[in-house]
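I opened this entry to look up ring contacts and nonpolar cores. The notes follow in the order I checked them.

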Amino acid sequence: MNKNKYILVPLLFLFFCINSVIAAPAELFGTTLIADISEQVSPAVVAIESIHYVRTRTLYGSGDPFFDRFFSHLFDDDFNGSNNVIPQKGSGSGVIISDDGYLLTNEHVISSADEILVKFGDGRSFKAKIIGKDKTSDLAVLKIESPDKLSFMNLGDSDSVRVGEWVIAIGNPFGLGITVTCGVVSAVKRDLSVDRDTNYRDLIQTDASINPGNSGGALVNSKGELIGINTAIMPSGQGIGFAIPVNRAKRIVGDLIKYGKVKKISAGLTVQNITKELAEYFNVPENGILITSVSEGSVAAEAGLVPSDIVTMIDNTKIKDVSGFETALERYSVGQTAIFKVLRKGKLSNVRIKFKETKASLNPLGVEVKTITDKLINKYNLFIEQGAVIVDIAEDSPTYKAGLRAGDVIIQIGNKPIRNEDDLNSVMKVVNKLDAVMLRIVRRNSVIRLTINLQ
């Protein structure tokens, strides 16, 4: 009897648990929670229709290719000529981020648009103007004028996103209406290379379906907060989507609204990861990044940083490697200040740095370069480990007009070999006095030699 008692007790407990689960309200499983969140935030998700007008010239007005082919020589070039305008349409989604009509979307959704229409789920439609766009981050800010205040989505904290947490992807593809899918965060800090000119960094990966037309839509957490902008799907993989973290977008949006462009900042440092060997040599922990050089006249030089300093924190962010250092800097705008916690000769100190704009146009070549790192090799699919890789280039510069682009690696200027950023910067004083200069660059696995006219 006593044995039966010990058997019955756990069985009864198990029965009670199963019965409780079966009888539990649906909210515990998220069914109505997802519906509630979707209903709450969907008014802030819009469809975006971009229209690009392509002009073509048709001669003679016949409209018959056969006629034009055989009889065009009988007419003057200007006879009965006409300009045809063919509208090419694209579509995507967007997210209203303020009640006065600012909205966020992907740059690739509106990149070549001559006209943009924003359509709401309730049938309203507005023309939008581009406030600013940034191809590097694939983000753009638009503005619509509405007589009424608009529903908007609160921005969350993408740094607190955890792998495995529930998320909801919301879009308005092709203006057909709101679509909602849900899933979990599969991974964070994912890098994705789409093509030579399009490389995404630090993306949120999710298995919530992101369908065509949902680019620029919202990735929302269980609080109904915007944590990402849906930006890409992987055609070769089922149920794999990516979103730009909202914390990265915050600074970019601020710059686009204030300046119409993203102002680049730089600390003026060349850094590297601390390996086990370096840690033993300098007798320091394997945390932080090692400063290997400081650019003359940079904000880092003005603040007193020197080579061999080790940066362990920037404000409240721990710096573990070069990737973390670069990601941390991306959150600061021109004029903002950061506190670098620096280890020098065994002593920790705080160094205050106020960021200034990095202007590629100040460089005679109109380029901003970086010493090649593993991260840049992955970002630009490089086949070389030495040189100065172009990370930014002014569109009005002679190098841009000659065909150079971000991802090209400069390995020689004149007769001077270029192994890193410092080598290039040291040559600039000479280049500044020249009318033309010869460059050797590496693009993919090809070496190209060209002459750049600087005047």
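I count a charge as sitting over a ring if NZ of Lys or CZ of Arg is within 6 Å of the ring centre and within 35 degrees of the ring normal. The model is predicted.

Charges over rings. I looked up Arg124 and found its charged end over the ring of Phe120, 4.5 Å from the ring centre. I then checked Lys263, whose charged end sits over the ring of Tyr259 at 4.0 Å from the centre.

Aromatic pairs. I found three in the structure. Phe120 turns up again here, paired edge-to-face with Phe126, with 5.8 Å centre to centre and 80° between the planes. I noted both Phe120 and Phe126 as buried.

I next took the pair of Tyr332 and Phe355, which is tilted, at 5.3 Å centre to centre and 40° between the planes. This pair links distant parts of the chain, 23 residues apart. I placed Tyr332 in the loop between α8 (322–329) and β17 (337–344), and Phe355 in the loop between β18 (347–354) and β19 (367–371). Tyr332 and Phe355 are both buried.

Cores. Which residues touch the most other members of the largest nonpolar core? I got Ile48, Ile144 and Met153, out of 43 residues. I noted that another core, of 23 residues, lies apart from it, with Ile291, Val311, Phe340 and Ile353 among its members.

I went back to Ile144 and left aside its neighbours within four places in sequence. Its contacts include both Phe120 and Phe126, as well as Ile96, Leu103, Val118 and Leu150. I also listed Asp100 and Lys127 among the residues in contact with Ile144.

Key:
Residues numbered from 1 in each chain as written. Predicted model: local features only at pLDDT ≥ 70, side-chain atom pairs only at ≥ 80, totals over all residues. Heavy atoms only, no water. Phe/Tyr/Trp six-rings, centres within 6.5 Å; stacked < 30°, edge-to-face > 60°. Buried < 20%, exposed > 50% of the residue type's maximum accessible area, 1.4 Å probe, protein only. Helix = DSSP H or I, 4+ residues; strand = E, 2+ residues; numbered from the N terminus. Core = buried A, V, L, I, M, F, W, Y, C linked by side-chain atoms within 4.5 Å. Contact = heavy atoms within 4.5 Å.
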